[in-house]
Amino acid sequence: MTKITFIDRKNNAMSIDVENGGTVRRAAVSHGIKGIVAECGGNAICATCHVYVDEPWILKTGAVGDDENALLDMTAAVRRPNSRLCCQIRITSALDGMTLHLPDNQV
């Protein structure tokens, strides 16, 4: 199991334990994380699963693809160097303990 912590805009934290292999978006939705809208169901076409990855973890989340890069320019919240779409982050044991911050708004 891999533990991922989500921090909302009010600085409330929610940690979840998830199986490796799926996406962070799927794990967040199945655990009821508020702030992950995920309108497109994880198909990388809506940018409503935007998160900010804490710096120690950003390189472990993998490279940003061209489609994700384009969508990150259209997010409702400000794009930062550590912005990612969590539908594009695959859960691996290397991410155990990762912290993600939720933007102020997704849509």
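Five strands come together here as an open sheet, running in the order 2-1-5-3-4 with mixed pairing. Keep in mind as you look around that this is a predicted model. At the edges sit strand 2 (13-18) and strand 4 (83-85), each of which pairs on one side only. Averaged over the sheet, neighbouring strands are turned by 35° against each other, direction ignored.

Now zoom in on one pair. Strand 1 (residues 2-7) runs parallel to strand 5 (residues 98-101), and four bridges link the two. As a reminder, strands of a sheet pair through backbone hydrogen bonds, in either a parallel or an antiparallel way.

**The core**

The largest nonpolar core holds 28 residues. Those touching the most other members are Ile4, Phe6, Val24, Ile36, Val53, Met98 and Leu100. Which elements give two or more residues to this core? They are strand 1, strand 2, helix 1 (24-30), strand 3 (50-53), helix 2 (66-72) and strand 5. Helix 1 makes the largest contribution, with three residues.

Asparagine 11 has a positive phi without being a glycine, and so does alanine 38. Here they are next to each other:

| Residue | Phi | Loop | Relative accessible area |
|---|---|---|---|
| Asparagine 11 | about 70° | between strand 1 and strand 2 | 62% |
| Alanine 38 | about 55° | between helix 1 and strand 3 | 11% |

Is each one buried or exposed? Asparagine 11 counts as exposed because its relative accessible area of 62% is over the 50% cut-off. Alanine 38 counts as buried because its 11% relative accessibility falls under the 20% limit. To find them in the viewer, follow the chain out of strand 1 towards strand 2 for asparagine 11, and look between helix 1 and strand 3 for alanine 38.

Note on methods
Residues are numbered from 1 along each chain as its sequence is written. This is a predicted model: local features need pLDDT of at least 70, side-chain atom pairs count only at pLDDT 80 or more; totals for chains, interfaces and linings use all residues. Side-chain values use heavy atoms; hydrogens and water are left out. Two strands pair if DSSP finds at least two bridges between them. Axes are lines fitted to C-alpha atoms, for helices over the stretch in contact, and angles run from 0 to 180 degrees between N-to-C directions. A nonpolar core is a set of buried Ala, Val, Leu, Ile, Met, Phe, Trp, Tyr and Cys residues joined through side-chain atoms within 4.5 Å. Buried means under 20% relative accessible area, exposed over 50%, partly exposed in between (1.4 Å probe, protein chains only).
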